[in-house]
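Have the viewer open and follow along.

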Amino acid sequence: MIPYSRPTISKKDLVHVLEAMLSDQVEYGELTKRFEHQFAAAVGMPHALAVNSAGAAFFLVFKHLELKPGDEVVLPAYGEPLLLEILSLFGATPRFVDLKEGSYGMDLSRVPPLLGEHTRAVIISHTFGFPLEIPEDFLKDSPVALIEDCTHALGSMRAGATPGLRGHYSVFSLDAENVITTGEGGMVLCRKKTDHDRINDRRAYRLKEEIAGRIDLALSDLQSAMGVSELSLLPKFLGKRKEMAAYYRESLSRGV
């Protein structure tokens, strides 16, 4: 069987993980904070929170937005089915937008007619790593939250900028089939520190006097050890993907 995707595990990854294991600090700690800082710097957003899955990342953002039954979220008609399951936990209603012709991205011109008094968020996906161009005036002066789904887009560039910089929040996946991996994991990036602090308060209940409203969703130091290593190898991974893309383009042009 040909695998859908196979993670690239290097000797450097093994060394970092072994060092974390020998330190006896394997749960959430300083190494995860270091990974968050480095990831935020790599993308260009000021605040990052590492969690144990991309699904957990979206759940925390929706929880932060206090979604409730009757609220609506606009999202691409072609995308991650898991988002629908998470929205159903809040009783929120998805409003679908078709893709733009000739593109993997949603047609942003179709979004404004769907916005109403119950709209709480718009999710834009940079599907397969193709950055969707978001106009500067998109949702400007609107109370609707813009969430960028950057699951496939770490390392992508458009007009010299990385995806994830336009939204109030952006979500990256660190699952095994993505550009870098922690085995399972995700990252929430926030534009505002106030949003970061509130989401951070919800993602863990350890050492809290009150656990109500808090869930243990933080990424562990053991996983972050691999993340720090993989992030340092990002240029190498992207270079290899460019080589593979060039090979496929050449093969297709020759009809092989």
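What follows is a short tour of a few salt bridges. Keep in mind that this is a predicted model.

Start at Asp71, which pairs up with Lys68; their closest N and O atoms sit 3.3 Å apart. The two partners see rather different surroundings. Asp71 has a relative accessible area of 4%, so with the cut-off for buried at under 20%, Asp71 counts as buried. Lys68, on the other hand, is partly exposed at 44%.

Next up is Arg95, which forms a salt bridge with Glu72, with 3.2 Å between the closest N and O atoms. Arg95 belongs to strand 3 (residues 93–97) and Glu72 to strand 2 (residues 72–76), so this contact ties together parts of the chain that are 23 residues apart in sequence.

Now hop over to Glu133 and Arg158, whose side chains meet in a salt bridge at 3.2 Å, N to O. This pair, too, links distant parts of the chain: Glu133 sits in the loop between strand 4 (119–125) and strand 5 (145–149), Arg158 in the loop between strand 5 and strand 6 (169–173), and they are 25 residues apart. Glu133 is exposed, with 52% relative accessibility, and Arg158 is partly exposed at 40%.

One last thing takes us back to where we began: salt bridges with shared partners join Lys68, Asp71 and Arg120 into one network.

Notes:
Residues numbered from 1 in each chain as written. Predicted model: local features only at pLDDT ≥ 70, side-chain atom pairs only at ≥ 80, totals over all residues. Heavy atoms only, no water. Salt bridge = Lys/Arg side-chain N within 4 Å of Asp/Glu carboxyl O. Buried < 20%, exposed > 50% of the residue type's maximum accessible area, 1.4 Å probe, protein only. Helix = DSSP H or I, 4+ residues; strand = E, 2+ residues; numbered from the N terminus.
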